[in-house]
Amino acid sequence: MWYGLQDLGSAVLGSNQNRSVLRDGEFWSVKDVSFSLRRGECLGLIGRNGAGKSTLLKMLNGLIRPDEGTITMRGKIGALIELSAGFNPLLSGRENVYVNGQLLGFSKKEIDQKFKAIIAFAEIGEFIDSPVQNYSSGMKVRLGFAVAAQMEPDVLLIDEVLAVGDMGFVLKCLNKMDELRTKTAMIFVSHNMPMVSRMCSRICLLKEDKTTYQSDDVGAGITQYYGGFRQESGSFQGTNKVEIKNIVLESEGHSSTEEGLVTVHHGKDLILTVDVICHQPVYQPKMHLAFYDQEQRNFAEVFNFFDHIQAAEMVGLVRFKAVIPNIPFSQGQYSITIGLNEFQNGQRNMIFRYQSAIYFLVESKQHGWSPIQLNPVWELITHPSERS
Amino acid sequence: MQIQVYSAKSKSNLWRTLKAIGTEFPVAHALGFRFAQRNIRARYRQSLLGIVWALIPPLATAAIWIFLNQKNIVSLNHTGSSYALFVITGTMLWSIFSNAVTMPIQSIQANAPILVKVNFPREALMITAFYEIVFTALISLLIIAAEIVIFQIPVTGYTFLFIPAVLVLIMLGMCFGLLLLPFAILYKDIQFALPAFLQIALYATPVVYATTELSGGFKFLALNPVSPVLVSARDWLLGLQSSTGLLTLGCIGLVTFVILVAGFILQRITMEILIERMGT
């Protein structure tokens, strides 16, 4: 509070001393970040909570002034940061559209003209004249986005605004943003990586206070972002019939027991061994595997256990070994979820399910957003008649 | 195409700030008016008595004092007119003033969530405050108009001077509000203290008593800048001998206006620092 007063004092007195030294208890929220963006480009701003994304966006929006450095923006700035800003719950949707619209810089006349388009976009229908407090949260966001979508900015700042709304509306918003993207320079802040990879042509990874990665390669940036999180094995659910002794991954002679995290080169084999101790007999065991990517997408599964192993009963220490050939994954980090079932009297019982039991990295020249990268053989076949 | 540059150097050039306020004023005004409309509509939408609530506190204060005076618990008879008329007018005027003091702060506080997220001309909120004050004042004026009719107060040229006096009163109140604003945002204490302070200030101003009743050690209360404005407004309305001249009021009005403009500029310069401290 006292610093606030001091700052007020120097602002009012117009003292131009540049304060680049931190006072006690202060910290840099954003430091050493620099980029330039052109119309038609979309920069994805990603980073963990507290990395400074929102602070940077506030500076770009002109809400707060940087303590160091310069921001230059050409053209009209629009911000999709707070949808339905200024809405009053007691007033009708119609009244709130005017409040919100004028807040975003439209004149009353412009809103009159665009009103029909707003209602149509929001798909609110007759509810437009009922108080906003009766709206669902999705409806409020829809109305807010519909107003904001009427902006025609040259620079558009977007901060995690599409979290609400059903799939249909999210798609509609994405289409609208695609449309806007051709005409604007966009800065997109989100934790939703599929969205980032869909929207952005460039990426900027913020860490604590500075840029750690900036490139046109969105996929690589996202992989780095995920690499910053600790890999924690997930929940273990199971009976105490068996105990997992050991889980080991191996590839090209490297093993996870020595290196912790095994790196698999694209197209090479991956060998999984699981040691379990059966304290009680397990009848007709069947193990299945599920592969998850960093988005927690389950994109690959293994269900062919019975094709290879048919054991009536299993007791004591048992080692399962699976060789998975030619891993076709793209660059990134993946986890394997291991499950064990038994079949007794035609009934299936779960013995255990270990979510994200072990992690591994894949190194590949291909780091597209999709976890599976296929390598077909291409040929160019020209029809003889079309030659000449 | 407009070019925005945000840099570390504080560009608090007085002339440039004034120019920016000037060019943004139409937009700010339209937005401020819209906000005021929204607030006023919403405020009374879920209440049975509606706008009457704006009148209840001052009328209650007036009623208490009328009662006290009738029962001779206190004796205030130098008012020069019916005491009831005198005190109701006084409390109405005071409620206009105190509303003008609190409104700017309240307006900023209520809109803090959008202030930290949306870039819009910040003056709009002060314009909102102004219109809301004027709206509430108009309700109070209805009561005062009713007084004129019921008590058959003769309407003279002086009666009309009442209106500009009320305007000066509003501006004076907003001045206090604007000057307090930056501190009120940084230190919550001011918000807590303000209602109590205004309650005390009510008695430091000749609202329920006449200036002539001040004696001895209390003479210093005549220095209260609110007093001449409020007293002359009431005197002119009730056709009493006014203790303050037109010139005094004009001077106070002018000074108030200058401070008000300065407050606007101050607000603009300080707002981005305050927003930093408001958080989300």
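Q: Where is A:Arg94 found?
A: This is a predicted model. In it, A:Arg94 sits in helix H3 of chain A.

Q: How accessible is A:Arg94?
A: A:Arg94 is partly exposed. Its relative accessible area is 34%.

Q: How far apart are A:Arg94 and A:Lys321?
A: In space, 65 Å from C-alpha to C-alpha. In sequence, 227 residues separate A:Arg94 and A:Lys321.

Q: And A:Ser92, where is that found?
A: A:Ser92 is in the loop between strand E3 (77-80) and helix H3 (93-103) of chain A.

Q: Why does A:Ser92 count as buried?
A: Because its relative accessible area is 9%, and buried means under 20%.

Q: What separates the C-alpha atoms of A:Ser92 and A:Lys172?
A: A distance of 24 Å. Along the chain, A:Ser92 and A:Lys172 are 80 residues apart.

Q: Switching to salt bridges. How many are there over all chains?
A: A search of the whole structure gives 16 salt bridges.

Q: Let's see some. Which residue does A:Asp154 meet?
A: A:Arg39. Their side chains form a salt bridge, 3.2 Å from N to O. The pair links distant parts of the chain, 115 residues apart. A:Asp154 is in the loop between helix H5 (137-148) and strand E4 (155-159) of chain A. A:Arg39 is in the loop between helix H1 (2-13) and strand E1 (42-47) of chain A.

Q: How accessible is A:Arg39?
A: A:Arg39 is at 45% relative accessibility, so it counts as partly exposed.

Q: What about A:Asp275, which side chain does that meet in a salt bridge?
A: The side chain of A:Arg319, at 2.8 Å, N to O. A:Asp275 is in strand E12 (residues 270-283) and A:Arg319 in strand E15 (residues 313-324), both of chain A, so the bridge ties together parts that are 44 residues apart in sequence.

Q: Is A:Asp275 buried or exposed?
A: A:Asp275 is buried, with a relative accessible area of 10%. A:Arg319 is exposed, with 58%.

Q: Which residue forms a salt bridge with B:Arg43?
A: B:Glu132. The closest N and O atoms are 2.1 Å apart. B:Arg43 lies in helix H1 of chain B and B:Glu132 in helix H5 (residues 123-150) of chain B, so parts 89 residues apart in sequence are tied together.

Q: How accessible are those two?
A: B:Arg43 is partly exposed, with a relative accessible area of 33%. B:Glu132 is buried, at 4% relative accessibility.

Q: Which residues are linked in a network of salt bridges?
A: A:Glu41, A:Arg202 and A:Asp216.

Q: Now chain B. What does its secondary structure come to?
A: Nine helices and one strand. From the N terminus on, the elements run β-α-α-α-α-α-α-α-α-α. Chain B has 280 residues, and 50% of them are buried.

Q: Where is B:Thr205?
A: In the loop between helix H7 (189-204) and helix H8 (226-238) of chain B. B:Thr205 is at 0% relative accessibility, so it counts as buried.

Q: What does its side chain reach?
A: The side chain of B:Thr205 reaches the backbone oxygen of B:Ala201 at 2.7 Å.

Q: Surface next. Which residues make the nonpolar surface patch?
A: B:Leu48, B:Leu49, B:Ile51, B:Val52, B:Trp53 and B:Ile56. The patch is about 600 Å². B:Val52 lies in the loop between helix H1 (14-43) and helix H2 (56-70) of chain B. B:Val52 is partly exposed, at 38% relative accessibility.

Q: And which residues form a negative surface patch?
A: A:Asp32, A:Asp67, A:Glu68 and B:Glu276. A:Asp67 is in the loop between helix H2 (53-60) and strand E2 (70-74) of chain A. At 41% relative accessibility, A:Asp67 is partly exposed.

Q: Last topic, backbone angles. What is phi of A:Glu252 near?
A: Near 50°, a positive value in a residue other than glycine. Most residues other than glycine have a negative phi. A:Glu252 is in the loop between strand E9 (242-251) and strand E10 (254-255) of chain A.

Q: What about phi of A:Ser356?
A: Phi of A:Ser356 is positive too, near 45°. A:Ser356 is in strand E17 (residues 347-363) of chain A. A:Ser356 is buried, with a relative accessible area of 4%, whereas A:Glu252 is partly exposed, with 43%.

Conventions: Residues numbered from 1 in each chain as written. Chains lettered and ligands numbered in written order. Predicted model: local features only at pLDDT ≥ 70, side-chain atom pairs only at ≥ 80, totals over all residues. Heavy atoms only, no water. Patch = residues over 30% accessible without salt bridge, like charges linked within 9 Å, V, L, I, M, F, W, Y side chains within 5 Å. Areas by Shrake-Rupley, 256 points an atom, 1.4 Å probe, with all protein chains shown as cover. Salt bridge = Lys/Arg side-chain N within 4 Å of Asp/Glu carboxyl O. Lys, Arg positive; Asp, Glu negative; His and termini not counted. Charge placed at Lys NZ, Arg CZ, Asp CG, Glu CD. Helix = DSSP H or I, 4+ residues; strand = E, 2+ residues; numbered from the N terminus. Buried < 20%, exposed > 50% of the residue type's maximum accessible area, 1.4 Å probe, protein only. Polar contact = N/O pair within 3.5 Å; in protein donor to acceptor, adjacent residues only side chain to side chain.
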